[in-house]
Amino acid sequence: MLYDLRKTIDAKSARIRLEHLISRGAVIEMTERRPQRSLRQNAYLHLILAYFAAETGNTLEWVKQQYYKRTCNPDIFIARREDDLLGSVTYVRSSADLSTEEMSRSIERFRNWSAAAAGIYIPEPDRPDEVLEMQREVERYRNYL
């Protein structure tokens with residue numbers, strides 16, 4: 001069952017349900033649902049990363065890991081966690097874990113960095129003619145990405 005805890009009735013229902021499960025000694029799993037990024041955002045992200053890769057001669061994976069995640073967005077993607085065997089470990093988050101807001105911010109940073117550092121213009125998603133041109137370029141270099 002999904003409960004929107006911003007709504008009073010859902011918060012009360014969730015509390016009642018939890019109390020009932022506690023009284024039964026049930027084993028439960030609780031997870032928080034965050035807004036996920038849209039499919040359009042995801043498609044646009046992969047397009048701009050592939051376009052940048054085609055323009056620079058890098059692989060898509062290199063662009064995604066080194067430029068997009070580590071260089072432009074380390075505060076979003078580089079995280080630490082404690083491991084029982086290894087102690088404090090640094091890892092790179094997946095873009096699949098991002099909220100819509102984090103995704104928008106990370107894309108904007110990459111677009112700005114691309115222009116400033118590499119001199120590569122990446123159009124905003126609401127520029128259909130320019131986005132189509134990026135798609136054509138990516139298709140031409142698809143075998144090399």
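**A pocket and a helix**

Trainee: How do the residues lining the second largest pocket divide into nonpolar, polar and charged?
Mentor: Ala, Val, Leu, Ile, Met, Phe, Trp, Tyr, Cys and Pro count as nonpolar, Asp, Glu, Lys and Arg as charged, the others as polar. The lining splits into six nonpolar, four polar and five charged.
Mentor: Bear in mind that this is a predicted model, where local features need pLDDT of at least 70, side-chain atom pairs need 80 or more, and lining totals use all residues. Numbering runs from 1 along each chain, and side-chain values use heavy atoms, without hydrogens or water.

Trainee: Which element gives the most to that lining?
Mentor: Helices are DSSP runs (H or I, at least four residues). α2 (39-56), α5 (100-118) and α6 (128-140) each give two or more residues. With five residues, the top contributor is α2.

Trainee: Which residues of α6 are exposed on the face turned away from its buried side?
Mentor: Buried means under 20% relative accessible area, exposed over 50%. In α6, the buried ones are Val131, Met134, Glu137 and Val138. They sit on the same side, because their arc (directions from the helix axis to the C-beta atoms) is only 115°. The opposite face carries Pro128, Asp129, Glu139 and Arg140.

How values were computed. Buried means under 20% relative accessible area, exposed over 50%, partly exposed in between (1.4 Å probe, protein chains only).
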